[in-house]
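Here is a short tour to read alongside the model. Have the viewer open and follow the headings in order.

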Amino acid sequence: MHAKYLRWVLMAVAVQLVACSSQQPVPIQERSVDIEQEVRQPAEVEGAGLQVRPLQNPGVRELLTQADQAEQQGDLNQAGIFLERALRIQPRDPELLQRIAEIKLQQSNYEQSLNYASRSYDVGPKVGELCSRNWRTISVSRDQLDDPAGAEDARQRSVACAAKKPEGF
Amino acid sequence: MAKKTRRRTPAKTSKRKSAKWQTPLWRIRLVCCLAGITGLLTGAGACWVYAISTQVVVHFEQRRWDVPTRVYARPLTVFTGMSLSSQLLTAELQAAGYQQTSEPSQPGQYAVNGEAFAIYTRPFAFADGQQPAQVVELQLTGGQVERLSVNRQPGSLARLDPAEIGSLHALGGDDRTVLPLEAFPELLVTGVQAVEDRNFKHHYGIDWRGLARAMWRNLSSGSISQGGSTITQQMVRNLYLTNNRNLWRKFNEMVMAIALERRYSKHEILETYLNQVYLGQVGGRGIHGFARASEYYFAVPVQNLQPHQIALLVGMVRGASWYNPRRHEQRALERRNVILDSFAVTGLLPEQQALQWRRQPLSVRLQPGFRSSRYPAFMDLVRRQLREQYAEDELQREGLRVLTTLDPVAQAEAEQAASKGLSGIERDHGWTELQTGMVIADPHTGDILALVGDRNPARAGFNRAVDARRQVGSVIKPFVYLLALAGGDNLMTVVSDAAITVPMPNGDIWQPQNYDRQNHGSVTLLTALIQSYNQATVRLGMGFGPERLAALLKNLQLLPDNALPHPSLLLGALELSPLEVASLYQVLAADGYRTRLSAVREVLDTNGQALTRYPVQLDVFPQREMIPLITFALTEVAHRGTAWRLPRLLGRNLNIAAKTGTTNDQRDSWFVGYTDDRLAVVWVGRDDNQPAGIAGSTAAMPVWAEIFDDLPLRDIDVYRLPGLTWYWVDWLDGWVTEENCPGAGLVPFRPGSEPLQWRPCRS
């Protein structure tokens with residue numbers, strides 16, 4: 001009787017151990033990003049005023065529309081494929097690069113969202129809504145990549161997008 | 001079951017016989033013996049039948065789904081405003097196996113009227129969905145796409161189905177495109193049965209009546225010409241790839257045919273047959289199945305075959321090489337017409353139509369719709385890249401589709417430059433045995449658009465673009481200047497080009513010299529770079545230390561982690577392949593955003609589902625903010641530096657970032673050039689690494705120009721390079737001056753490192 005009891009205890013301990021060892025370490029700050037709340041809507045407010053919109057190739061525009069539809073249907077992969085096709089047409093289109101950054105952000109690919117947003121900023125107007133979306137994306141990405149100081153710095157720069165005149169003006 | 005029969009039969013027989021007849025003992029023994037032998041034979045026979053039946057089922061099962069991986073070029077995307085000449089578009093369409101007609105009536109055809117194109121594309125499953133066949137109309141004007149429409153709807157974007165550039169096979173494997181039975185045209189499915197096996201639906205693998213008829217004809221003609229084989233028997237023969245017609249084989253064939261019929265439905269057998277039947281040879285590989293044959297002979301999908309084309313292929317089943325339409329046109333035509341008649345007789349085709357189709361020419365394309373191993377160097381790279389993720393077996397059997405980055409037109413230009421360009425240079429300079437490796441890439445996406453690994457591009461073997469590692473020489477210099485700029489210098493910083501002596505760690509002394517053996521005194525960084533001065537470069541590099549350059553190269557994985565930062569690294573004492581040089585310069589050409597150079601975009605399964613995608617991944621290069629300055633300087637290399645002859649060779653004066661490279665004793669000649677959207681690296685040298693007497697500007701640069709003289713080039717708009725401010729400076733000493741001063745030029749600076757000294761015009 002005693003032996004049977006001991007066996008049950010041992011089994012319970014073993015089950016607990018297995019459960020412990022199979023538990024994945026959970027990153028503390030893992031969360032999904034709401035692109036509208038965290039990037040697009042505030043950028044619209046923040047970046048109001050002077051806007052510089054580079055001319056866009058109509059082919060790229062068509063692919064952006066298709067990417068929009070895919071994104072609205074929740075198919076981020078498909079949206080990414082459309083955007084990459086557009087990238088092959090116009091690799092330095094800042095709006096396009098930012099859109100890719102926003103898809104990567106929603107896919108929790110923070111390193112790539114950071115890099116695409118940074119590339120968009122480099123070739124972009126550095127003012128207005130797009131500038132603000134660039135820095136907000138960078139800020140959220142840095143936050144997720146455990147760089148709170150960098151995130152805060154980017155947040156400051158996104159605010160400055162409205163006030164700042166573009167270089168060369 | 002077979003074993004049971006063997007044991008029972010003799011026992012039963014002898015028992016029955018001994019009970020009814022009183023016979024002498026020897027007779028009983030004889031009968032027993034005979035019965036035993038018969039039993040053994042029957043048993044062995046049954047075993048044999050069982051064994052070969054099992055074997056054929058296994059083979060059949062394997063063959064049904066054993067499909068090689070197909071490899072495609074990148075699809076051509078056309079959009080309004082795109083640079084595209086009719087010549088390039090025609091080359092593109094021909095590479096993709098399109099056929100020119102006066103009025104495109106089926107997929108795979110196109111028509112040209114002046115600069116107006118009508119293209120009937122073929123259906124294709126892309127990663128973003130199935131694209132049906134569509135009519136794309138394009139109006140080109142002055143080398144640009146002015147208007148386009150898709151299925152008569154005006155639009156701004158269209159995508160053509162890509163050219164098939166090869167397949168990955170098992171050793172000795174066959175070339176097949178496998179389709180379900182429903183995908184074959186009705187006339188083909190019924191036509192094959194009408195010609196090869198009219199009783200297919202009703203027999204059990206063997207058609208006794210057909211066999212008797214064939215035997216009668218063979219007897220009366222005195223030779224074995226009529227096989228009388230059913231489709232199932234032919235299927236078996238195809239599985240074992242033998243045409244041996246002796247009786248034993250025939251017997252085995254019949255047994256296997258019956259076995260297949262017992263195991264599989266008519267539907268499955270016919271489907272496999274249509275996908276498996278032998279219809280020709282390309283190189284060492286058999287063309288199997290009607291779908292593949294349709295692509296090979298007519299460059300159209302099997303669904304789009306017309307009745308006379310179906311008749312030809314059906315006729316070729318009897319003897320694919322005997323009736324080869326490319327080699328024996330008349331014979332093939334006669335055979336086709338016999339088949340058309342038989343279609344009419346059996347009511348598959350109305351008499352009148354059959355007559356009409358009889359009058360048509362064979363309409364076989366002279367060039368096969370695809371050619372295997374047309375791009376050995378590129379295919380080699382594709383294979384290497386795929387091996388990182390796929391087992392060889394998966395690639396050879398699972399019918400995957402690989403969408404690559406190859407641009408067939410750029411590849412054709414590069415190949416032509418390799419063969420003709422090199423011969424021309426050898427003739428002009430009296431050099432011999434030169435070899436080359438080239439890479440053309442899109443620096444923003446990392447797509448490798450063209451790759452040449454041999455001056456004879458059709459020759460497979462040593463892939464110089466990937467495997468020939470040679471000293472890069474001055475090709476490294478822009479990175480020395482990049483580090484100097486990152487350290488606070490600007491392009492107008494002055495550096496001494498006087499003779500320099502560098503003590504080495506081992507006690508030796510290194511005294512690098514300029515190419516022209518002259519000292520050029522005090523020069524700006526800009527001049528030192530565009531004239532490729534060695535002494536100034538080493539002085540600059542020793543200022544910040546060669547270990548910084550080593551670290552940069554290690555970061556790009558172009559230098560082993562344990563390599564010592566030798567000062568000679570500053571002058572390119574480092575061996576890289578053309579592909580590695582391309583990945584080095586990709587960083588510059590893409591404004592400091594690194595991406596991996598790749599030959600593959602995606603791998604799809606047979607249903608068009610993406611198995612692997614290679615998305616464009618960006619990495620930020622540490623000194624990226626200085627890169628626009630380097631790009632500006634390199635465009636000056638092609639205006640007044642070591643590549644000043646480039647505009648003349650190209651016949652166009654564009655802003656192209658260029659760098660030449662020549663190594664010790666003129667063994668290697670390098671040229672790297674990038675535009676707004678293209679990067680190309682050319683190496684020329686000898687395989688034995690002997691002095692070739694060549695310099696970057698005399699061998700590799702003309703080849704580079706040869707590649708691009710027919711390709712559209714988007715030149716670099718230096719004034720739109722990101723993050724720069726521009727000043728009028730005196731070109732010689734770097735002082736800020738006024739616009740109208742003699743010797744003044746616009747030079748870019750990074751904010752924060754602008755020049756401070758200003759002065760009026762020099763008198």
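This is a predicted model: local features need pLDDT of at least 70, side-chain atom pairs count only at pLDDT 80 or more; totals for chains, interfaces and linings use all residues.

Strand 17 (residues 434–442) of chain B runs antiparallel to strand 18 of chain B, and five bridges join them. Strands here are DSSP E runs of at least two residues, and helices are H or I runs of at least four, numbered from the N terminus; two strands pair if DSSP finds at least two bridges between them.

Residues are numbered from 1 along each chain as its sequence is written, with chains lettered from A and ligands numbered from 1 in the order in which they are written.

## Burial and cores

Six of the six residues of strand 18 (residues 447–452) of chain B are buried, meaning 20 or more other C-beta atoms, placed from the backbone, lie within 10 Å of a residue's own.

B:Val439 and B:Tyr585 have the most contacts inside the largest nonpolar core, which has 189 residues. Such a core is a set of buried Ala, Val, Leu, Ile, Met, Phe, Trp, Tyr and Cys residues joined through C-beta atoms within 7 Å. A second, separate core has 50 residues, including B:Ala194 and B:Tyr296.

## Where the chains meet

Chain A brings 22 residues to the contact and chain B brings 21, with contact counted when C-beta atoms, placed from the backbone, lie within 7 Å. Helix 4 of chain A gives the most to its side, with nine residues.

Terms used
Two residues are in contact if their C-beta atoms, placed from the backbone, lie within 7 Å. A residue is buried if 20 or more other C-beta atoms lie within 10 Å of its own, exposed if 12 or fewer, and partly exposed in between; C-beta atoms are placed from the backbone.
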